[in-house]
Amino acid sequence: MDNARIKRSVTIVKQTAGFGLQGLNQLLWPAVCVNCHESIGEGDNNLCRNCWGQLLTCTGGDYCPRCGRDASRFALVAGACPDCQGKEFHFDKIARGGVYAQSLQKMILSFKNSRTELDSVLGFLANSTLQGSSFSKEIEFFVPVPLHWTRRLIRGYNQSLVIAKKLKHPTAKISTDLVRIRRTKSQPAMTSPAARARNVADAFAVRRGHNFAGRKLCLVDDIKTTGATLNECAKTLKQAGASKVFALVLAVAGQNVS
Ligand SMILES: [Zn+2]
Ligand SMILES: [Zn+2]
């Protein structure tokens, strides 16, 4: 075979391989929105424009760094909204991804229901939340809010641990030494804040040999509703000697999206 023919053959092989890979890629990773399965363009980055639009609406507002609820930054007094004045929480500060509504609500619900591929978008959201928080540099350990082992067995994973694993931080590690020792009722079934607090009272403990004493920790969870779960976890961590407990959640429920 002369040189020209060899070159042509190589080009054809390359083109065929390229086409084959593209086709395979399209077959394996069809360009659809990970949330609603609408077709998307290559530059759309996992979500369709409608879902991105809703996500931006859910994540755009100002919030109180003590409770995570909607609050204009101009309404904060001593770093807390009017609602938080005089209230004590066991966690020191909170950072939230957004409001539990629209596409964000749908993604979090699906994520807990086997759609773990949503970790790409939710991990992105968690990282921008972390970067936007005032306490990122202080964190020494991320502590995912634990599930009771029976619930983890049924679901197959702890969604909070999956999110924690997506977090990029130069030094902080993940600790799973906070455990749920009592199976609690599903919080959405609870109505009043007092009932929610009773439901999670003494539900958590730390493992023997934990490394929490004197540490600055950041709880990681998917949703904060009344904050009863985060508060109980933070109380347990503080009793174990933690010097600070922050919280990072994907969404805060019970807020309106304008
Ligand atoms: Zn979509
Ligand atoms: Zn507040």
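In helix α8, the buried residues are Ala228, Thr229, Leu230, Asn231, Glu232, Cys233, Ala234, Thr236 and Leu237. Buried means under 20% relative accessible area, exposed means over 50%, and partly exposed lies in between (1.4 Å probe, protein chains only). The model is predicted: local features need pLDDT of at least 70, side-chain atom pairs count only at pLDDT 80 or more, and totals for chains, interfaces and linings use all residues. Residues are numbered from 1 along each chain as its sequence is written, chains are lettered from A and ligands numbered from 1 in the order in which they are written, and side-chain values use heavy atoms, with hydrogens and water left out.

**Helix α8**
- Helices (H or I, at least four residues) and strands (E, at least two) are DSSP runs, numbered from the N terminus.
- α8 is mostly covered, with 9 of its 12 residues buried.
- α8 covers residues 228-239 and should span 16 Å at 1.5 Å a residue. The expected span is 1.5 Å times one less than the number of residues.
- The end C-alpha atoms of α8 are 16 Å apart, which agrees.

**Zinc ion (ligand 1)**
- Its protein donors are Cys33 (SG), Cys36 (SG), Cys48 (SG) and Cys51 (SG), lying 2.3 Å from the zinc ion. Donors are N, O and S atoms within 2.8 Å of the metal (3.2 Å for Na, K and Ca); water is not among the atoms, so sites may look incomplete.
- The spacing of these donor residues in sequence is C-x2-C-x11-C-x2-C.
- Cys36 lies in the loop between α1 (3-28) and α2 (49-59) and Cys51 in helix α2, so the pair ties together parts 15 residues apart in sequence.
- Four donors count as tetrahedral if all angles lie between 85 and 135 degrees.
- Cys36 is partly exposed at 29% relative accessibility, whereas Cys51 is buried at 5%.

**Zinc ion (ligand 2)**
- Its protein donors are Cys64 (SG), Cys67 (SG), Cys81 (SG) and Cys84 (SG), lying 2.2 to 2.3 Å from the zinc ion.
- This site is also tetrahedral, with angles of 100 to 114° among its 4 donor atoms.
- Both Cys64 and Cys84 are buried.

**Arg66**
- Arg66 sits in the loop between α2 and β1 (93-99).
- Arg66 is buried yet has no salt bridge. A salt bridge is a side-chain nitrogen of Lys or Arg within 4 Å of a carboxyl oxygen of Asp or Glu.
- A polar atom of the Arg66 side chain lies 2.9 Å from the backbone oxygen of Phe91.

Conventions. Lys and Arg count as positive and Asp and Glu as negative; His and the chain ends are not counted. A polar contact is a pair of N or O atoms within 3.5 Å; within protein, one must be able to donate a hydrogen and the other to accept it, and residues adjacent in sequence count only if both atoms are side-chain atoms. Four donors count as tetrahedral if all angles lie between 85 and 135 degrees; four count as square planar and six as octahedral if opposite donors are over 155 degrees apart and all others between 65 and 115; anything else is irregular.
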